[in-house]
Amino acid sequence: MPDPRELKVGDRVRFVALPEEWATPGATVPPESRAFMKAMLKRRTPSVVFEIDEYGIPWIRARIAHAGRYQQHTWAISEHTGWRRIEPRLGV
């Protein structure tokens, strides 16, 4: 499993599944978080880490269309599952 604390500013990530951590007994996930993650799973473009906070947690930004308008979101990647780092293409 990848460790989100190994990500750096500028790294690209793609969300590939709902985090397994969300299915553990006792886990409570707000409906807004599930909706956001499902929207991220549909995206074709990867997200870019724009900040590492004081706790070492990487953050991404995302613009998501909702009801004909775009909404700006930020998301802390704290789960070890559901995402993968996209390696940069060589020679591009």
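Buried here means under 20% relative accessible area, exposed means over 50%, and partly exposed is in between, using a 1.4 Å probe and protein chains only.

The model is predicted, so to speak of local features pLDDT must be at least 70, side-chain atom pairs count only at pLDDT 80 or more, and totals for chains, interfaces and linings use all residues. Residues are numbered from 1 along each chain as its sequence is written, and side-chain values use heavy atoms, with hydrogens and water left out.

**View 1. Asp-11, Arg-85 and Glu-87 are linked in a network of salt bridges.** A salt bridge is a side-chain nitrogen of Lys or Arg within 4 Å of a carboxyl oxygen of Asp or Glu, and the count by this rule is two. Look for Arg-85 and Asp-11, whose side chains meet at 3.4 Å, N to O. Arg-85 sits in strand β5 (residues 83-86) and Asp-11 in the segment before β1 (12-15), so this pair ties together parts that are 74 residues apart in sequence. Arg-85 also meets Glu-87 in a salt bridge, at 2.8 Å, N to O. Asp-11 is buried, with a relative accessible area of 8%, while Arg-85 is partly exposed at 31%.

**View 2. The largest nonpolar core has 15 residues.** Such a core is a set of buried Ala, Val, Leu, Ile, Met, Phe, Trp, Tyr and Cys residues joined through side-chain atoms within 4.5 Å. Val-13, Phe-15, Phe-36, Met-40, Ile-60, Trp-75 and Ile-77 touch the most other members. At least two residues of this core come from each of β1, α1 (31-42) and β3 (58-66). Helices (H or I, at least four residues) and strands (E, at least two) are DSSP runs, numbered from the N terminus.

**View 3. Met-40 touches Phe-15, Ser-47, Ile-60, Ala-62 and Ile-64.** Contact means heavy atoms within 4.5 Å, and residues up to four places away in sequence are not counted in this list.

**View 4. Strand β2 (residues 47-52) pairs in the antiparallel sense with β1 and with β3.** Two strands pair if DSSP finds at least two bridges between them. There are two bridges between β1 and β2, and Val-13 has Ser-47 in β2 as its bridge partner. Between β2 and β3 there are three bridges, and the partner of Ile-52 in β3 is Pro-58.

**View 5. β2 and β3 form a hairpin with five residues between them.** Find Gly-56 in the turn, where the phi is positive, at about 85°.
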